[in-house]
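We'll go from the whole molecule down to a handful of residues.

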Amino acid sequence: MKVHEYQAKEILARYGVAIPRGKVTTKPEQARAIAAELGGRVVIKAQVHAGGRGKAGGVKLAANPDDAFTVAGQILGMKLVSKQTGPEGKIVHKVLVEEALGIARELYLGVVLDRAVGLPVLMASKFGGMEIEEVAAEHPDAILKEHFDPCQGLQLFQARTLGFGLGLSGDTFKKFLKFVTALARAYNETDATLAEINPLLVTADGDVLALDAKMNFDDNALGRHADIAAMRDLDEEEPLEVEASKYDLNYIKLDGDIGCMVNGAGLAMGTMDIIKHYGGAPANFLDVGGGASQERVENAFRILLSDPGVKAVLINIFGGIVRCDMIAAGVVAAAKKLKVQVPIVVRLEGTNVDAGRRILAESGLKLQPADTMADAAAKVVAAAKAVAAP
């Protein structure tokens, strides 16, 4: 789960991470009042779940309260389009009005899980303000890394190593040590999957603050963090993904035109790979799970077909815990109820496969059976291209 910048800063501040003064609002009039409270000169920042806001016109400086009113009015309601939003963009419903600070240096700081090592890794760089992927590509030696044990937390010697590597000294160095250890603790104790400060601001007075903040959290751990779960903003999420979450379906919308319904994350990934191999593009990741019921399959199929970009569907099921006949019955029920018009290719293997194939064959629906994954992928790609052809 993602949260907005202002929410990430609220969470980090609880752990002692230094942040600029600021307040969030949905109205230009309130932006004016907040600016006056903060001393007049402020930064107005669009609150959307995407990066690249500055280049997209979503972060602007306001010289005084009246200017803050004007700028907030320009940003609120705008469609912000960046690399991370895609061409469809995101509508801005909230802005963060934050005190404008003098910038001496901009650094990068972030914590993620290094799956290759099996430990969280704290990364730092002198190249703040850039995407970490760009830094890795252009200046790979400029990324400092410290892996740490989540049970022990980031150790002081590790924090010192990072601080020295960034060229910090004096009081700024001491403030950085406090900042980075607080960030690591916040990452651990909130079950975050990402805690990123970009840029990490060093002011002319030597203060160290989170000028921007991004946090993502493990959905499976939200039961331990009711306060964080309450921060979920459904307006920022893909509607079909929100709908799928109501039925505990693992659904992620993609940009292709071939809808996929699979049981098991590994098989789903393999299905998407083989579709790409045969020249197609998956429209979604959809895992109905190992113990899916007929009702769940119907809901999954309905959500999959709600995407207007889907031109063909591939159903790829390996019956282990879930039975092929039950999947087949769910598909047939949903297809009849929704009056499906797009081609459907079905590949079933495993428990009760013969019964499942019989249900599909006797359904009266135009379903294309497939024997192997390769056969299924070739057929569905061809079907999608035929539909797309003028």
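## The big picture

Start with charge: the protein has 44 positive and 49 negative charges, and their mean positions are 2 Å apart. Keep in mind that this is a predicted model.

What are the spans of the C-alpha trace along its principal axes? They come to about 75 × 45 × 40 Å. In there you'll find 13 helices and 18 strands. Of the 390 residues in the protein, 49% are buried. Now look at who touches whom: if you take contacts between residues at least 6 apart in sequence, 69% of them join residues at least 24 apart.

Zoom in on helix 12, which covers residues 353–361. Which of its residues are buried? They are Val-353, Gly-356 and Leu-360. These three cover an arc of only 60° around the axis, so they sit on the same side of helix 12. There's a handy rule behind this kind of pattern: an α-helix has 3.6 residues a turn, so residues three or four places apart point the same way.

What do the buried residues of helix 12 pack against? Their partners are helix 11 (324–338), strand 17 (344–350) and strand 18 (367–369).

Next, hop over to Val-381, which lies in helix 13 (residues 373–388). Val-381 counts as buried because its relative accessibility is 4%, and the cut-off for buried is under 20%. Leaving out residues up to four places away in sequence, Val-381 touches Ile-258, Ile-275, Tyr-278, Gly-279 and Gly-280. Take Tyr-278 as an example of sequence versus space: Val-381 and Tyr-278 are 103 residues apart in sequence, yet 6.9 Å apart in space, C-alpha to C-alpha.

Ser-125 belongs to strand 8 (residues 119–125). Is Ser-125 buried or exposed? With 0% relative accessibility, Ser-125 counts as buried. Its contacts, again skipping residues up to four places away in sequence, are Leu-107, Tyr-108, Val-135, Ala-142 and Leu-166. With Ala-142 there's a polar pairing too: a polar atom of the Ser-125 side chain lies 3.3 Å from the backbone oxygen of Ala-142.

Most residues other than glycine have a negative phi, and most peptide bonds are trans. Here are some spots that go another way.

| Where | Backbone feature |
|---|---|
| Asp-191 | positive phi of about 55° |
| Asn-352 | positive phi near 60° |
| Asn-198 and Pro-199 | cis peptide bond, omega about 10° |

Where do these sit? Asp-191 is in the loop between helix 6 (170–189) and strand 10, and Asp-191 is partly exposed, with a relative accessible area of 21%. Asn-352 is in the loop between strand 17 and helix 12, and at 36% relative accessibility Asn-352 also counts as partly exposed. Pro-199, on the other hand, has its place in strand 10 (residues 192–202).

How values were computed:
Residues are numbered from 1 along each chain as its sequence is written. This is a predicted model: local features need pLDDT of at least 70, side-chain atom pairs count only at pLDDT 80 or more; totals for chains, interfaces and linings use all residues. Side-chain values use heavy atoms; hydrogens and water are left out. Buried means under 20% relative accessible area, exposed over 50%, partly exposed in between (1.4 Å probe, protein chains only). Helices (H or I, at least four residues) and strands (E, at least two) are DSSP runs, numbered from the N terminus. The arc is that of the directions from the helix axis to the C-beta atoms. Contact means heavy atoms within 4.5 Å. Lys and Arg count as positive and Asp and Glu as negative; His and the chain ends are not counted. The place of a charge is taken as NZ of Lys, CZ of Arg, CG of Asp or CD of Glu. A polar contact is a pair of N or O atoms within 3.5 Å; within protein, one must be able to donate a hydrogen and the other to accept it, and residues adjacent in sequence count only if both atoms are side-chain atoms.
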